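Have the structure open as you read.

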Amino acid sequence: GAAELMRDADTRMTHEERERFLSNVLVDATRISALLDRLREMARADNPQRGGAVRLADLLPAARQRFEGLELNVSGGAAVLSLSADNAQIVLGHLLDNAARHGAGRVEIAASEEGEVVRVRVTDDGVGVSPGNRARIFDPFFTTRRAEGGTGLGLGIVRALLRAHGGDIDLAESERGAAFALTLPSAQSPRNDS
């Protein structure tokens, strides 16, 4: 719409109006691009390439580089996740992106292998999830930051990927910030892929 107004206004539009409309076009194009990226990830999460295994510690260099503003503290980095490295990066990336966008400066990641299950707890020191939003955060397209370009697909993608690999994610109780509890079958345990 902004592009059509600019085209139709021709010389009647002031420089300031033209700049405002151009900014709107650029912001909306960026938002559409992000939405398409998330939709592609959602399609991939619904029909992922299963299998693979990656140590949590092997994901950290790329995560630290991508999220330089976050202090990442990890315990249990030797835990092996039963996901491909690409799928594990998507899961971790969405959780860290949410933390950063909700004011976190520090993220704690604790992993443990308990028999045939790997448990990972990701806790941040951001603003957390309000009680009114707790039941909706995994719903597709639910976002509290639409104005900033949020698509509301990140946590749904994470849940779909984990479930496709026999795992899951839940919002956990936290004194401050948000906390997520992830479970996955151990990379050594058999998994029912039916």
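The crossing of α3 and α4 is right-handed, a term used when the near helix is turned clockwise from the far one by less than a right angle, with left-handed for anticlockwise. Helices here are DSSP runs (H or I, at least four residues), numbered from the N terminus. This is a predicted model, where local features need pLDDT of at least 70, side-chain atom pairs count only at pLDDT 80 or more, and totals for chains, interfaces and linings use all residues. Residues are numbered from 1 along each chain as its sequence is written, and side-chain values use heavy atoms, leaving out hydrogens and water.

Helix α3 spans residues 56–66, and its axis lies 10 Å from that of α4, at an angle of about 40 degrees. Axes are lines fitted to C-alpha atoms over the stretch in contact, and angles run from 0 to 180 degrees between N-to-C directions. That makes α3 oblique to α4 (under 35 degrees is roughly parallel, over 145 roughly antiparallel, 65 to 115 roughly perpendicular, the rest oblique). From α3, L59, A62, A63 and R66 make the contact (heavy atoms within 4.5 Å) with α4 residues including A85, L92 and L96.

Now turn to the other partner of this helix. Helix α4 (residues 85–101) packs with α5 (residues 154–164) at about 150 degrees, their axes 9 Å apart, and the two are therefore roughly antiparallel. Their crossing is left-handed. Among the residues that meet are I90, V91 and L95 in α4 and L155, I157 and V158 in α5.

Finally, R20 lies over the face of F21, 5.1 Å from the ring centre (CZ of Arg or NZ of Lys within 6 Å of the centre and within 35 degrees of the ring normal).
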